[in-house]
Amino acid sequence: MEQLEGLNGVYTQDQSILTRNLVPETKVYGEKLVDHQGQEYRVWDPRRSKLAAAILNGLQELKIDSHSKVLYLGASSGTTPSHFSDMVPDGLVYALEFSPRMMRELLRVCEKRKNMVPLLEDATRPRRYLNLMEKVDFIYCDVAQPQQSELFMENMRLFLKPECEGMITIKARSIDVTQKPTKIFREEEKKLKTSGFKILEKIKLEPYEKDHLALVCKIDF
Ligand SMILES: C[S@@+](CC[C@H](N)C(=O)[O-])C[C@H]1O[C@@H](n2cnc3c(N)ncnc32)[C@H](O)[C@@H]1O
């Protein structure tokens, strides 16, 4: 078992990636559990999590440490948020989701994980949760909807501490099924750059996810 450089809390073994299980003997989505020198790790499935796909496709850095606070937009039932929760055992994950049905499943994960805070909110209306939140060290956005870049940028401006970074996954088909994914990616990147965001890393998610791109960004001006 080896810790991946630049990716605090992410380990590798036998070509899989893993995080150290914050709640031993407990699975979140049926993932495999592995014991190593008295510690339990959860195998991170790149077909269930776009962040795992990005890591396996060469993501260089996630600017978080064990104390970081993370805002997660589009938490769904908690698959990827639970791996963030493993990576920041002394920090917090604000897991935001607007679907009450998904929230019911997410709550089951949050109940067991002391560093996960569920928020039933709409990410397009960040001022509604301004008072429930604090500034965070990292923002992850996976909402798979047409306004994703705009809501990501607004949340970054409102909630990100200075000099910190965020990551957005772009699903081409959620934006326009009639356009070529390369064109959509170019347009989304342009939107971010002309709005004052700098793109630090750009990673395609094939073969795990078709027509998806992950971008690591920071606010440039
Ligand atoms: C692709 S799924 C996220 C999967 C999750 N990130 C994971 O890897 O475990 C997208 C989620 O975003 C949620 N979502 C979409 N638009 C949203 C919005 N405006 N505010 C909050 N959640 C939203 C959807 O309900 C859905 O659960």
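Predicted model: local features only at pLDDT ≥ 70, side-chain atom pairs only at ≥ 80, totals over all residues.
1. Start with the inside. The largest nonpolar core has 33 residues, and Trp44, Leu51, Leu59, Leu62, Phe84 and Met167 are the ones with the most contacts inside it. Several elements each supply at least two residues, including helix H2 (79-87), strand S7 (92-97) and strand S12 (212-219). Helix H1 gives the largest share, 5 residues.

2. On to charges: the count comes to 14 salt bridges. Have a look at Arg42 and Asp86, whose closest N and O atoms are 2.6 Å apart. Both Arg42 and Asp86 are buried. Arg42 sits in strand S5 (residues 39-44) and Asp86 in helix H2, so this pair ties together parts 44 residues apart in sequence. The two also belong to a salt-bridge network with Glu31 and Arg113.

3. Lys69 and Glu134 make another salt bridge, at 3.1 Å between the closest N and O atoms. This one links distant parts of the chain, 65 residues apart: Lys69 is in strand S6, and Glu134 is in the loop between strands S8 and S9. Lys69 is partly exposed at 25% relative accessibility, and Glu134 is partly exposed at 29%.

4. Glu188 is buried at 2% relative accessible area, while Lys191 is partly exposed at 27%.

5. Last, the surface. Arg101, Arg104, Arg108 and Lys112 gather there in a patch of positive charge. Lys112 belongs to helix H3 (residues 100-112) and is exposed, with a relative accessible area of 52%.

Definitions and conventions. Residues numbered from 1 in each chain as written. Heavy atoms only, no water. Patch = residues over 30% accessible without salt bridge, like charges linked within 9 Å, V, L, I, M, F, W, Y side chains within 5 Å. Areas by Shrake-Rupley, 256 points an atom, 1.4 Å probe, with all protein chains shown as cover. Salt bridge = Lys/Arg side-chain N within 4 Å of Asp/Glu carboxyl O. Lys, Arg positive; Asp, Glu negative; His and termini not counted. Charge placed at Lys NZ, Arg CZ, Asp CG, Glu CD. Helix = DSSP H or I, 4+ residues; strand = E, 2+ residues; numbered from the N terminus. Buried < 20%, exposed > 50% of the residue type's maximum accessible area, 1.4 Å probe, protein only. Core = buried A, V, L, I, M, F, W, Y, C linked by side-chain atoms within 4.5 Å.
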